[in-house]
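Visitor: Could you walk me through this one? I'm new to it and would like to start with the strands.

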Amino acid sequence: MNKRNNNKKLKSSKSSESSYEKIKRALENPNYKFRTINGVSSEAHVSFETIEKAMREHSDEIVKLFRKGENGEMLITTRAHYKKKASVKEKVIGAVINSVY
């Protein structure tokens, strides 16, 4: 009985890991500096809930920007992508306000 439960846990973690990799790939798409949840959802073919779950579980890697997009939507990216794509001005403002700008 334990083996069945362990197999179920392994399967569910694999599927969630797969979703996370899709989300991460969409967030680090070189065509975009920052992404909206809607944009990531469309590219990665995952639900908003899956993205929000990944943001909670991987808060050390996925960051929410202080500012909003042009249409008022929340902007997100990975820390690594932010370091590559953010301008010096954005990084300085972020340091001053102590948040990812």
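Guide: In strand S3, Leu75 is the bridge partner of Thr36. Strands here are DSSP E runs of at least two residues and helices are H or I runs of at least four, numbered from the N terminus.

Visitor: How many bridges join S1 to S3?

Guide: Two bridges join S1 to S3 (residues 74-78), and these strands run antiparallel; two strands pair if DSSP finds at least two bridges between them.

Visitor: And what order do the strands take in the sheet?

Guide: The order is S1-S3-S2, in an open sheet of three strands with antiparallel pairing. Strand S1 (35-36) and strand S2 (62-68) stand at the edges with a single partner strand each, so one side of each has no neighbour in the sheet.

Visitor: Before we go on, what is the mean pLDDT?

Guide: The mean pLDDT, the predictor's confidence in each residue from 0 to 100, is 86 for the protein, and 83% of its residues reach 70 or more. This is a predicted model, in which local features need pLDDT of at least 70, side-chain atom pairs count only at pLDDT 80 or more, and totals for chains, interfaces and linings use all residues. Residues are numbered from 1 along each chain as its sequence is written, and side-chain values use heavy atoms, with hydrogens and water left out.

Visitor: Where does pLDDT stay under 50?

Guide: That is over residues 1-14, for which the model has zero contacts beyond four places in sequence, a contact being heavy atoms within 4.5 Å. Where pLDDT is low, the predicted coordinates should not be read in detail.

Visitor: Changing topic, is Ser41 buried or exposed?

Guide: Ser41, which is found in helix H2, is buried, with a relative accessible area of 14%; buried means under 20%, exposed over 50% and partly exposed in between, using a 1.4 Å probe and protein chains only. Leaving out residues up to four places away in sequence, Ser41 touches Val46, Ser47, Phe48 and Ile51.

Visitor: Which other residues of H2 are buried?

Guide: In H2 (residues 37-44), Ile37, Gly39, Val40 and Ala44 are buried along with Ser41. Just after H2, His45 takes a positive phi of about 60°.

Visitor: Last one: what lies over the face of Tyr32?

Guide: Arg35 does, at 3.9 Å from the ring centre. A charge sits over a ring if NZ of Lys or CZ of Arg is within 6 Å of the ring centre and within 35 degrees of the ring normal. The charged end of Arg67 likewise sits over the ring of Tyr101, 4.7 Å from its centre.
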